Each structure stands twice: as C-alpha cells, then as structure tokens.
There are 2 protein chains.
Amino acid sequence: MAKAAASRPGESHTPTMVDVALRAGVSTMTVSRALKEGSRVSKATREKIMAAVNDLGYVLDQSAGSLSSRKTGFVAAIVPSINNSNFADTARGITDELESTGLQLLLGYTDYTVEKEEQLIEAMLRRRPEGIILTGGAHTDRARSLLKSAGIPVVETWELPAKPIDQVVGFSNEEAMGLLVKTLAKKGYRKFGYIGGTTSRDTRGSQRREGFVRAIEELGLPTGRLVSFGVPPISIEQGGQAVVSMLERWPDTEAVLCVSDLSAFGALMECKRRGMRVPQDIAIAGFGDYEVAAFCYPGITTVNVDCYGIGQQATRRLIQVIRGDEKRHGQEIVLTGYRVVEREST
Amino acid sequence: MAKAAASRPGESHTPTMVDVALRAGVSTMTVSRALKEGSRVSKATREKIMAAVNDLGYVLDQSAGSLSSRKTGFVAAIVPSINNSNFADTARGITDELESTGLQLLLGYTDYTVEKEEQLIEAMLRRRPEGIILTGGAHTDRARSLLKSAGIPVVETWELPAKPIDQVVGFSNEEAMGLLVKTLAKKGYRKFGYIGGTTSRDTRGSQRREGFVRAIEELGLPTGRLVSFGVPPISIEQGGQAVVSMLERWPDTEAVLCVSDLSAFGALMECKRRGMRVPQDIAIAGFGDYEVAAFCYPGITTVNVDCYGIGQQATRRLIQVIRGDEKRHGQEIVLTGYRVVEREST
DNA sequence: TCGCTAGGTGATATCGATAACATGGGGCGC
DNA sequence: GCGCCCCATGTTATCGATATCACCTAGCGA
C-alpha cells in the first residue's frame, strides 16, 4: 500500500489524482477520464469521482498531464506592447477565440525590438506551446531557426512579411497609408506632412511612412515633409511636439498624417491649444482608429484596421492546424480589411 | 542502450536532454545542471554541452522540469481588462518586475465579473502557479476556497479589501475620490455631479462613487446629482452621453466628476462639441490619470494612482514569499500613493 | 446457445526532467 | 605523507498525469 501513503490522514499536502482515485474507489485512469469531457465514464462513477474531487479540493495538475499527453494546451502570442490599445485589442481577440477551446494564452511584449522578441520566443518555446502568434515579419535569424525546429504552427500578424515563416494574418500597412493619402488628396489637400518615429524598430510604422512617401510621389505632390520624432511607439505628447516642429519647418502644410492615432491626437490637441482651427488651418489624420480618435472633438480621420479580428483570425488559423482539421499547406495568407474613416479633422 | 534509440539518426523528433547528454558524452544530470545557472559544472563540460545544445537545436522542456522540481515558474495575474490602459500599466509593472526572475506570467481578464474570475482562477491553478495577483477584493466563495487550498501567496491589488485573502497592494478608492472632491470644493465649486457605471460589477467604481457621496455630505454640499450610465467599464462615448443627461437634469451643475478619465474625456469632448467652455461653464474631472487626460486640451484634472507601481510592488511581495526571503506574516498591506493632478479642466 | 461488439474500467509503461544521494579525484592543512 | 573535504559528475528514483492495451460484462443477432 505504498501509494496509499499519499493519502495518510493528517498529512496536509496538495491532493493528487491518486488521492481522488482512492477516495472514489476507482483507478486514476478512471479519474483522469472523468475529468476530461468527451470520455466514457458511467454516470454513477463520474458522480462518485466528482464528490471525491470536491471533498478533497482537488485541482488537476496540467504540468503533469502535459508531459504524458505531450500536449500542453498553451498558445503563445507576442505583441510589441500591451499598453497600446490596438495590440491590446488583438490580444483580446486571441483570448476570446481561445476561450472555448481550453487552450491557455502565454502573452509577451517585445517593446518593439527583435532582440526581446527572440528572448521571448525562446522562453515560451520552453513551455512547448502548440502554436505561436507573432506581430510583424521582422525577426532575428535565431528566432526563425528556433521557430522552425519547434515544429509548431506560426502565424505572423499585422503585416504582410516579405518572407513569411508559415501563415500570415494581416494587411499591407503601406497600401493602407497610401489609401489615406489618396482619399485626402481627393478632397483637395496638396501639401502633406508625415509624423512618425525615428527608427525602424517599428516596422509597421516604417511601412506606413513608405506608403505615404510613395503615394505622394505617385500623385506628384510636394515631397519631403517628414518629421521623425521619438522612439517608437511615439506617444501622444510626442505627436504634439512633432506637429510644432512640422509647422516651424513647413508652415504652409495643409494636412498632417501621423503614424498612429495617438500621435495624431497629440498633434490635434496641440493645434487646438495654439488656437488653430482644424481642419480649416490644418487637417490632421491618424492610423489605427483608436477609441480616442472617434470621440475626441473634432473627430480624427483615420484608417480603421481590424485589430480584434486579426487576433481572432490568427487564433482560428492556429486552432485549425492544432486540431488537425486541416492539412498544412504552408504560407497561407489571410488579408484583413482596412478602411479610411473620415471625420471632422480633415 | 535502449535510451540511445531516442537519438537514432534519421529519426526526426524534438530532441530531449538524453540526446544532448549522449552527444556531449555526459549524463542528463550534468546537462540539466549546465542549463541552470548557478550550478557547478566545469567550463570544459559546459562548453561541450552548449555545443551539443546548439547542434541539436535543443530547447529545455519546462513542463517536464516543473514536474520533478515541483516548481512551475509561473505567476498568475488576473485583471478586469487588458484593454483599459490603467490595468495594462499594472500588467506591465508585473511583467517588468518578473523579467529578471525567470518567472513567467499567466495573464487573464475577468471582464469585471467575479464569475469569470472564478473560472480563470480555476484554470490557472491547474498550471500550479507559484503565486497569484488579483484585482480587487470581490471574489466568489469558491474562488476564495480554491485559493486557500492552493497554498500559494495571493496579492489583491487596486483596493483595500475588507476581508483580505493574504497580502494587499492598493489604496482606498473612496478616500482618493473624496480627496478630489475636497480639492475642488476648496477652489469654490459647490454643485457637484458624478458620472459612473450602472452596476456594482466594478467595485472600484462603486467605491469611488461612495467616496464622492460621502465627501459631498461631509462638506454639506448639494447631494444627489448622480448619473449612472452603461455597464462598467464605462467608455469614452458613454461619458459623453452621461454628461448630456447630467446637464439636462441639473443644468446648473458646476463640476462633474467621473469614475475614470475615459468617461471624463468623453464628457469633456461632448461639452466642447456643444460649444461649452471648460472649466468656465462646467468643470470636469476624472480618475486614473490616463495619458489622454494629460495631453488633451484642456487637460483633465484627475487623480493619479500608481498603476505601474501597483503591479511592480505586488510582484515584489509575491517574489519575496516565493523566494522564501521572508517569513509569511499574513495579511500584509501595502498602501500605494495617489495624488490629485489639477489641470485646465477645473 | 454461442460468439461478437461495445462500453466501462484497470494495469502498466512511459512522458522529460530534476532531487537526492553516491562516487571519485585532487588540493590543502598539519 | 595522511586524511579530510570539496568539487564535478553519475545513478536512481521519483514528480503526477495519460496513452495504450487488456479485460470484463452486458446485450444482441444468428
């Protein structure tokens, strides 16, 4: 009766499945089945087991379960920052979509650097997730190689990487920003300025800038009005400072496009503070359709991207592969929609 | 040599520690030690092992490690919503503080309901976290009992629960809102209104309302101007709608206090949209010191609470107990600071 | 009546790592 | 020169669950 020692009365330890099995008078295998839905255990037995579980306050140990079943039930997701509401929305899309599946999320933030991303990927792979969702297509070589040998489905999001690792759920930031430029050009604006961060750390930001530059060139409009300000992610405050610098250098700028709604909002508030009329004196537009852009006054023209849907769809793709519903046909790409939302600021 | 079968050439499987050990010509125990810093392995051996690790692309399996060491390296944290920047800041405080410790975060959202919290607690306890951080002091009985029998340190945050489970890192929402009222009363405002959500789901919101009501009574000011609007968390948009309803019912209201900066911002923008002057026609204040409150125009008077610090300190308390640096003396309470930040809106 | 099927349950062997103890070889003090 | 101790490493026994296969008992058709 060596095993029974585990349930020696008076000993206070976290109960295991053996304790439950002994108390219910069944084998651990039956307990295991009773606790997993969809397996065949007679009603009477299941009730006995549930009673024992409640009496003992037993909680299944998934670490142990993962080891023998070789399935951890984890999904990893890596976003640049959770303090950015666009990515927080994506994270929520992921979480909501995972909820019914019993999979659990491991979430990490890169602070917009590929080095931190690599560290996170390595740390998370130690937990043997069954799939992983990344933001963007920029990764270190080592990260790529780690992911490759992990042998799990990978979904890159929020961009359309030139060299996808596996699946992609995203959109072209370049095109989206180009569409915004064209929409505003149609309204008659001619002298466009752009506000973004200084480095290429934020690849989506860089792509938007490229989209801006290219669209301006295609339309034959005055070029070169680019203000870089601050390390990405560029904040509300920096948006305000950047617009000042824009107006000092190019006072006749008619429309300012910003890398995100946060900087656009900062720019807008700074202009209001200085008594400028928006859009009469200057038009302002952002990117991302943050809540603040919709409800501030004047409302900010922006590009709505389906943040929540990106998370949701990325997760669905992952689940399909994990559940084996689908043969893997690599490098599948899901395009998510975007649309320009015109508001009072332009 | 049965074990050697695991490294049979040509077989493609995820390498285990046995594979590394064989390749490096040492035992798995030595590999295990080499991969854990702070254990004594000779330099030569460690290099051989690292070479084997790199050759094979080996990644440690922590599920297995957790099982034998009986330490999972997980810390669980449960917040109402990650889409609220106050809680996102707390989450970041937790993450940052965990970074150097090798502990990994399991993050979950309750959507402001105790039922969902209970589910999350149960799901997370299956992963055997070494500690858990909760938001607030409202929990179901079952949640309390699950936590008790889990035998891990618990930190409740963001409030001062009447009946703490274990440790607490937070502040009195009631007092903080009271301080805001008193500060504004000192400036001469007399007719105060309050905007908050409709239900008690958001316990911090309820506490702030109580703090408001009590302060108004203590000061002998006109009472009763309370507008409840929307299911918590109340959004920017709802703040705008609520202020309209406030002004319809009590047009002579001098100062409107909102449960959070988001609703305050919505109220402010709605007033601007209607051409009202803030603070001359109406003063507006919020709670939480969100980024938007600092940089909108006019800036919103608010109560700054140390969101990031709450996460940081909660994590520190947890780590101290986990690391055993400290004997447990239950129900320790850490008060975090708050301060009124006066801006242009009042 | 027999055998066959299927549902319910149990016995055993792992999953991949680490704790705990065992071992062996050198350095150092007296 | 002897003995002790410490460092580096190996051996063995788990950690707590589940996959797999075996087994048993009804129920049912031929």
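Two strands are taken to pair if DSSP finds at least two bridges between them, and the strands themselves (E, at least two residues), like the helices (H or I, at least four), are DSSP runs numbered from the N terminus. The model is predicted, with local features needing pLDDT of at least 70 and side-chain atom pairs counting only at pLDDT 80 or more, whereas totals for chains, interfaces and linings use all residues. Residues are numbered from 1 along each chain as its sequence is written, and chains are lettered from A and ligands numbered from 1 in the order in which they are written.

In chain B, strand 6 (residues 192-196) and strand 8 (residues 255-258) pair in the parallel sense over four bridges, with B:C258 of strand 8 being the bridge partner of B:I195. Helix 9 (residues 203-219) of chain B packs on the sheet and touches both of these strands, contact being defined by C-beta atoms, placed from the backbone, that lie within 7 Å. The direction of helix 9 makes about 170° with that of strand 6 of chain B, where axes are lines fitted to C-alpha atoms, for helices over the stretch in contact, and angles run from 0 to 180 degrees between N-to-C directions.

The open sheet of chain B consists of four strands in the order 7-6-8-9, with parallel pairing. Because strand 7 (226-228) and strand 9 (283-285) of chain B stand at the edges with a single partner strand each, one side of each is left without a neighbour in the sheet.

The contact between the chains takes 42 residues from chain A and 42 residues from chain B. On the side of chain A that touches chain B, helix 5 of chain A gives the most, with six residues.

Technical notes
Two residues are in contact if their C-beta atoms, placed from the backbone, lie within 7 Å.
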